[in-house]
Amino acid sequence: MFSKSAHYYDAIYSFKDYPKETETIRTLISREKRTDGNRLLDVACGTGLHMLYLSEHFEVEGIDLDGDMLGFARHRVQSAMFHQGDMADFNLGSTFDVVICLFSSIGYLQTTKRLNNAIRCMADHLVTGGVMIVEPWYTPENWHPGTVHAKFIDEPELKIARVNTSYVNGIAILFRYALPGRHSGGHRSLRGATRIGSFYDCRNDRRIRIGGIGCFL
Ligand SMILES: C[S@@+](CC[C@H](N)C(=O)[O-])C[C@H]1O[C@@H](n2cnc3c(N)ncnc32)[C@H](O)[C@@H]1O
């Protein structure tokens, strides 16, 4: 999905308040971290917007599967080191005080086996006393399949209409999307589907184990 739409990612998600989210993340880190170091790894870092703000406080590195997303992130956070890889199977040969994985990225793992592998991989990259923060995504219970959603970008040089719907297949939610767009370079139309896993309903269960790692919510 992202290799086709990376150019439009920041515009489509411009409603997100990355500076504010960064402050929330910093509060969580300062509450939980038990180390003196400040190395932070952003797993599935996308175009690097969290990293941009976090780089004012941490020595940041990022990893993402998608080379196009990484291209934008590299340009945005030039001081950072980036890696292309699968969050369910990576070994950077170094450890971090903080590992984060934000904004629905965890859902792209699709299966509980890959979820477990990813949580283990992230934990393996943490120093003792470090903090791992994984932002959860929708659970099967609070997702409404079959509804249609649309997002419009109407800027002078960029016009996008993104329309998507979804259905649930086992634990996966399949998105179908279309991105008919117009920008200064001409017209472009994208169509596709992406599969996202929806795992646990944790609302009544604030302590769980994922991949053998104790987690709290
Ligand atoms: C919704 S974006 C979130 C990006 C960023 N964390 C943010 O908050 O803007 C999901 C990201 O997950 C990445 N991704 C999907 N599957 C992945 C995988 N198996 N390993 C690493 N990154 C993956 C995508 O390329 C994309 O950049």
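**View 1. The shell around the ligand has 18 residues.** Ala44, Gly46, Asp66, Phe103 and Tyr108 are the closest of them; a residue counts as near the ligand if its C-beta atom, placed from the backbone, lies within 6 Å of it. Sorted by class, the shell holds 11 nonpolar, 4 polar and 3 charged residues. Here Ala, Val, Leu, Ile, Met, Phe, Trp, Tyr, Cys and Pro count as nonpolar, Asp, Glu, Lys and Arg as charged, and the others, Gly among them, as polar. A word on what you are looking at: this is a predicted model, in which local features need pLDDT of at least 70 and side-chain atom pairs count only at pLDDT 80 or more, while totals for chains, interfaces and linings use all residues. Residue numbers start from 1 along each chain as its sequence is written.

**View 2. The whole protein has 6 helices and 11 strands.** Helices (H or I, at least four residues) and strands (E, at least two) are DSSP runs, numbered from the N terminus. Of the 217 residues, 29% are buried. A residue is buried if 20 or more other C-beta atoms lie within 10 Å of its own, exposed if 12 or fewer, and partly exposed in between, with C-beta atoms placed from the backbone. Among contacts with a separation of 6 or more, 59% join residues 24 or more positions apart; two residues are in contact if their C-beta atoms, placed from the backbone, lie within 7 Å.

**View 3. Helix H3 spans residues 18-32.** Its 15 residues reach 21 Å from the first C-alpha to the last, close to the 21 Å expected at 1.5 Å a residue; the expected span is 1.5 Å times one less than the number of residues. Thr22, Ile25 and Ile29 are buried in H3. They cover an arc of only 65° around the axis, which puts them on the same side of H3; the arc is that of the directions from the helix axis to the C-beta atoms. An α-helix has 3.6 residues a turn, so residues three or four places apart point the same way. The buried residues of H3 pack against helix H4 (49-54), strand S4 (96-101) and strand S5 (126-134). Turned away from that buried side is a face with the exposed residues Lys20, Glu23, Thr24, Thr27, Ser30 and Arg31.

**View 4. Helix H5 covers residues 67-76.** Met69, Leu70 and Ala73 are its buried residues to look for. They cover an arc of only 95° around the axis, which puts them on the same side of H5. Gly67 and His75, on the other side of H5, are exposed.

**View 5. Strands S1 and S2 run parallel.** S1 (residues 39-43) is mostly covered, with 4 of its 5 residues buried. It is joined to S2 (residues 59-64) by 5 bridges; strands pair if DSSP finds at least two bridges between them. Valine 43 has isoleucine 63 in S2 as its bridge partner.

**View 6. Phenylalanine 96 lies in strand S4.** With 26 other C-beta atoms within 10 Å, phenylalanine 96 is buried. Leaving out residues up to four places away in sequence, phenylalanine 96 touches Arg39, Leu40, Leu41, His125, Leu126, Val127 and Gly130.

**View 7. Phenylalanine 103 sits in the loop between S4 and helix H6 (112-124).** Its phi is near 55°, a positive value in a residue other than glycine. Most residues other than glycine have a negative phi. Glutamine 110, found in the loop between S4 and H6, also has a positive phi, about 70°.
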